[in-house]
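This briefing sets out selected features of the structure shown below. The points are grouped by topic, for reading alongside the coordinates.

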2 protein chains.
Amino acid sequence: MYRTHTCGQLRIEDCGKEVTLSGWVQKSRDLGSMTFIDLRDRYGITQLVCDDTTDKSVYETAKTLSREYVIQVKGLVRERSSKNNKIPTGDIEIEVKDINILTTSKIPPFTIEDNTDGGDELRMKYRYLDLRRNCVKQNLELRHRLAMMVRNYLSNENFLEIETPFLIRSTPEGARDFVVPSRMNPNQFYALPQSPQQYKQLLMVSGFDRYFQIVKCFRDEDLRADRQPEFTQIDCEMSFVEQEDVLNMFEGLIKSLFKQEKGLEFGKFQRMTWHDAMKYYGSDKPDLRFDMKFVELNDVFQGKGFSVFDDAELVVGICAKGCANYTRKQLDALTDFVKRPQVGAKGLVYVKYNEDGSFKSSVDKFYTPEDLQKVAEKFGAEKGDLMLVMSGKTMQVRTQLCALRLEMGSQLNLKDPFNYAILWVTDFPLLEWNEDDQRFYAMHHPFTAPNPEDYPEKLDTDPGAVRANAYDLVINGTEVGGGSVRIHDRNMQLRMFEALGFTEESAKQQFGFLMSAFEYGAPPHAGLAFGFDRLCAIFAGADNIRDFIAFPKNNSGRDLMSDSPNFISDEQLEELYLALKPVEK
Amino acid sequence: MYRTHTCGQLRIEDCGKEVTLSGWVQKSRDLGSMTFIDLRDRYGITQLVCDDTTDKSVYETAKTLSREYVIQVKGLVRERSSKNNKIPTGDIEIEVKDINILTTSKIPPFTIEDNTDGGDELRMKYRYLDLRRNCVKQNLELRHRLAMMVRNYLSNENFLEIETPFLIRSTPEGARDFVVPSRMNPNQFYALPQSPQQYKQLLMVSGFDRYFQIVKCFRDEDLRADRQPEFTQIDCEMSFVEQEDVLNMFEGLIKSLFKQEKGLEFGKFQRMTWHDAMKYYGSDKPDLRFDMKFVELNDVFQGKGFSVFDDAELVVGICAKGCANYTRKQLDALTDFVKRPQVGAKGLVYVKYNEDGSFKSSVDKFYTPEDLQKVAEKFGAEKGDLMLVMSGKTMQVRTQLCALRLEMGSQLNLKDPFNYAILWVTDFPLLEWNEDDQRFYAMHHPFTAPNPEDYPEKLDTDPGAVRANAYDLVINGTEVGGGSVRIHDRNMQLRMFEALGFTEESAKQQFGFLMSAFEYGAPPHAGLAFGFDRLCAIFAGADNIRDFIAFPKNNSGRDLMSDSPNFISDEQLEELYLALKPVEK
């Protein structure tokens, strides 16, 4: 038996017990007549002590121990003379009787501490050592707990977890597929699923009215920071439901996770239409941890001779409470911020509502104090506030102002990661116009049902204005999940394909088996999927999903630890009837 | 709201309630003045009735309903006049008030019944309809329940479910990998995991001392019946444990599944060494639902002038209770059975111990009744028994006799699928000699630890005789899971690689990152994996795993429903720097 207890288990009540522990040497301090060793395992750290009462040969062994050696120790639990109240085992220590070195270790390339000296690349290359760090380990423990809670919640609600295939058919619509050459069907390929979308809809056709799956999905996209080629979804679908049923069910799930994991309770989640989200926050995933709602100002700013505003489709601003004392330098920095190519604005107008009741703005020569007073009234601004105003094409300026709003949120420390602001965004547009291809694309996917109020009339007259029965769950400005009511009527589906520029034939080629299935009695159904990596990060108050994945890939899709992907043998290529083409440099 | 109740929910107590149901039309019987409709959903079937009290237009709609239409019905629950005690809703029916056709259906290509008229191919092509059949649906429900039980059991035992990557590095050892071309790293490939073996060992190095995962694995092998290119494992690993700890932990898991799902309780699982399994049952996965243990007979059969037996390395037989009345024809059929190329024996000797105490054998001219009496004593045979004897090279004849034993088990109806005979097979050989390559291969995998009693001495003197700390769980003659204690000592690992004919360099190339990890303090660890598809089939008493997979592939690795794999576009190939090579016909 390698151990009687773990390194996180022993307490003052255990004093006097003979125990055996196994673990890693976290550190060792040789004080001449005494040696202290911190022994670590998944559960905690226990202090070991050797002194002049220790058997000589055992003491000699203790002195040879180096960081990250794996050892087994027998000894007696005793009360510490100087207690450590920072760790649960801090009241006791082990009087060492015997030490067995299980395996030695080279000096690790970085310290196994929360504040490690290892850089990103090094930690990724030695991910197995990085995972020994308490902060990384805790992320995976959190992930396990959340996954269990999700499964138990949904299973109790009569959902079945059903595994869908990983080797499926490649479909050109959507993001780019990873493909898998088939040896048994030469020159043909499987694709890895971008999501189980079509399979879960088939399961609805099959009568499994409540399906879920925590499942890996794959997208061969150019990776931005914080995007992984393989990622995990909580994928869900229900039959005989309307949008309201879906929102209520999954609101219940999310509330249950917050309650169980963090002891937090929420009332009914706020709902906001996509239209309002864009109008008031310039984003389909508004961060509601702080206010700074957009105020539209065309009526008070236009017609006073300031041509930038006069010519703009929209003049819109936010009010930063208590920021009238911003210096010239700070204001210039904000202007520079919105002028960065990532934001792309031409400029920024400020109006200070000073503590003494006077106004100071960057456009004083166009506006009288009375004009600015009216502006302040529109904002509901008070003395001491700073108003920041932008103008331009409606959707463009909204996006730009959104960037500024989020920047102000950061500057004013309004983005506490543990202050959770949760909302549903609803009524997304059904279609999105693509200027390059001069066609509409499905905003969600081609199976999304239109809002019955807008169908069929508006699809003919004003396709871009048709709302979808689609919804996203947004937490702290991040889209955590989303879904839609699906089309279950074959004629409506054909009508949709038409609007998306598919011929019946090209639609059949891509979605043939789903369309065939719909000929045999499809129930009304709807669903959604959550990004599980992201959800874990949000629960931990973290930004980067990579820390919540045991073995993540870097931004080039490489695993630095196993040096993968890599070249395969000529025999492998031969068997697959594949040849490599040279890569131009 | 599409429904107030499901089709499996209503009981006699609900009579008088106004309800709304939704589901599929299972069948419709028009009796002239009355129409009965069976409405089906995932939860059951409810009978609907229209008669002369029904609104005329509703009755007209009812008459248009055809099989598999999806409808919504409003009506009144009432007691049936003629009850059906075969279904839980059999006491009630719904007096129809309104019918809303949600979607129509074409006539399905086969009947949606347990005994369907659809053949295998047709059912695979329309798998979404096949899944509507109660018997197939129940398999997936069972699978969901078992997965939940496994997760809850292991989670309660402090195991963490940790997701390992699907896009990994290809390693030539083991079965053939499926590979995935990388677009971002042109000419390089990922592989899909055959199992998370190396990653779970890395997690042990990281200190996660109890890991599990229910996970898809991939093998590009020529498919035998009942093998799938993608399959699901319950993958587990533990640190600071010995073999005994692992066997006890997972014996507990399996017992808990049988208890929860089937109400069955088992004592301590039998254990049998690989050596005994081969000696007494001719198989490393003996079916212990019935006896017919092998009896070795060299001493009683040899030296009497029957050269077939005299020249054989092993003479061995089984005793079939009460089969002395087998006819000539039956005995010939058994001889034909063992002579089939799949079994490959030269012949079969029988000895009947007749009810009158006389003997009749196919080798009477070589053996006296006294000789045969001794044979009967070796078997412990009684009057009325039939002894079946074979001879040849030891391992070969054991395998052949095993086939005969299993055939006799079938003929005598001794293979009740719900009579579970469970055992651990232990002490597998570490190495397996491959005649073609003239080298040893790891029987389990190259990280399996040798039995300490046989290491290091025997590895030098008699490598084939070295036992491994490896174990399989066998239920009803099927290997359900298996695993081993792993090597955690780097020097022992190098010594093993040497025995397997790896150079240090070639080992590094294949297992480099695991070997590097082992330099930084690997704990003693061990694990195992269960075949989850197979486990589900065993719980359902079924033979074929395909029925426990929602969307399986056929024996050519094809999905007939989506017609996958399939050709991909030139653009896709272009982006991946791949060219197809022509396939010779």
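At what angle do the axes of helix H14 and helix H15 of chain A cross, and within what distance do they come? In this predicted model, the axes of H14 (residues 490–499) and H15 (residues 504–517) of chain A cross at roughly 140° and come within 11 Å.

**Helix packing in chain A**

- Because angles over 145 degrees would be needed for roughly antiparallel, H14(A) and H15(A) count as oblique to each other.
- The crossing that H14(A) makes with H15(A) is right-handed.
- On the H14(A) side the contact is made by A:Arg490, A:Leu494 and A:Phe497, which meet A:Glu504, A:Ala507, A:Lys508, A:Phe511 and A:Met515 of H15(A).
- By class, the residues of this contact of H14(A) with H15(A) comprise five nonpolar and three charged, with no polar ones.

**Helix packing in chain B**

- Helix H4 (residues 134–156) and helix H6 (residues 243–262) of chain B have axes 10 Å apart and pack at an angle of about 135°.
- H4(B) and H6(B) are therefore oblique to each other.
- H4(B) crosses H6(B) in the right-handed sense.
- From H4(B), the residues in contact are B:Leu142, B:Arg145, B:Leu146, B:Met149, B:Val150, B:Tyr153 and B:Leu154. Their partners in H6(B) are B:Met249, B:Phe250, B:Gly252, B:Leu253, B:Ser256, B:Leu257, B:Gln260 and B:Glu261.
- The contact of H4(B) with H6(B) is made up of 10 nonpolar, three polar and two charged residues.

**Interface of chain A and chain B**

- Each chain is represented in the contact, with 125 residues from chain A and 125 residues from chain B.
- The area buried between chain B and chain A is about 11400 Å², and 59% of it lies on carbon and sulfur atoms.
- The interface of chain B and chain A holds 18 salt bridges.
- A salt bridge joins A:Asp222 to B:Arg183, with the closest N and O atoms 3.1 Å apart.

**Salt bridges over the structure**

- Side chains of opposite charge can pair when their charged atoms come close.
- Over all chains, the structure has 103 salt bridges.
- Within chain A, A:Arg42 and A:Glu141 form a salt bridge whose closest N and O atoms are 3.9 Å apart.
- This pair links distant parts of the chain, its members being 99 residues apart. A:Arg42 lies in the loop between strand S2 (35–41) and strand S3 (44–50) of chain A, whereas A:Glu141 belongs to helix H4 (residues 134–156) of chain A.

**Backbone geometry**

- The peptide bond between A:Tyr455 and A:Pro456 is cis, with omega about 0°. A:Pro456 sits in the loop between strand S19 (439–442) and helix H13 (457–461) of chain A.
- In chain B, a cis peptide bond runs from B:Ser564 to B:Pro565, with omega near 0°. The loop between helix H16 (532–539) and helix H17 (570–575) of chain B contains B:Pro565.
- A:Phe240 is not a glycine, yet its phi is positive, at about 55°. The location of A:Phe240 is the loop between strand S10 (230–239) and helix H6 (243–262) of chain A.

**Surroundings of B:Gly392**

- B:Gly392 belongs to strand S16 (residues 386–392) of chain B.
- Leaving aside residues up to four places away in sequence, B:Gly392 touches B:Ala312, B:Glu313, B:Leu314 and B:Val397.
- The C-alpha atom of B:Gly392 is separated by 71 Å from that of B:Asp14, which is 378 residues away along the chain.

Conventions
Residues numbered from 1 in each chain as written. Chains lettered and ligands numbered in written order. Predicted model: local features only at pLDDT ≥ 70, side-chain atom pairs only at ≥ 80, totals over all residues. Heavy atoms only, no water. Axes fitted to C-alpha atoms, helices over the stretch in contact; angles between N-to-C directions. Helix = DSSP H or I, 4+ residues; strand = E, 2+ residues; numbered from the N terminus. Parallel < 35°, antiparallel > 145°, perpendicular 65-115°, else oblique. Left-handed = near helix turned anticlockwise from the far one by under 90°. Contact = heavy atoms within 4.5 Å. Nonpolar A, V, L, I, M, F, W, Y, C, P; charged D, E, K, R; others polar. Buried area = accessible area lost by both parts, 1.4 Å probe. Salt bridge = Lys/Arg side-chain N within 4 Å of Asp/Glu carboxyl O.
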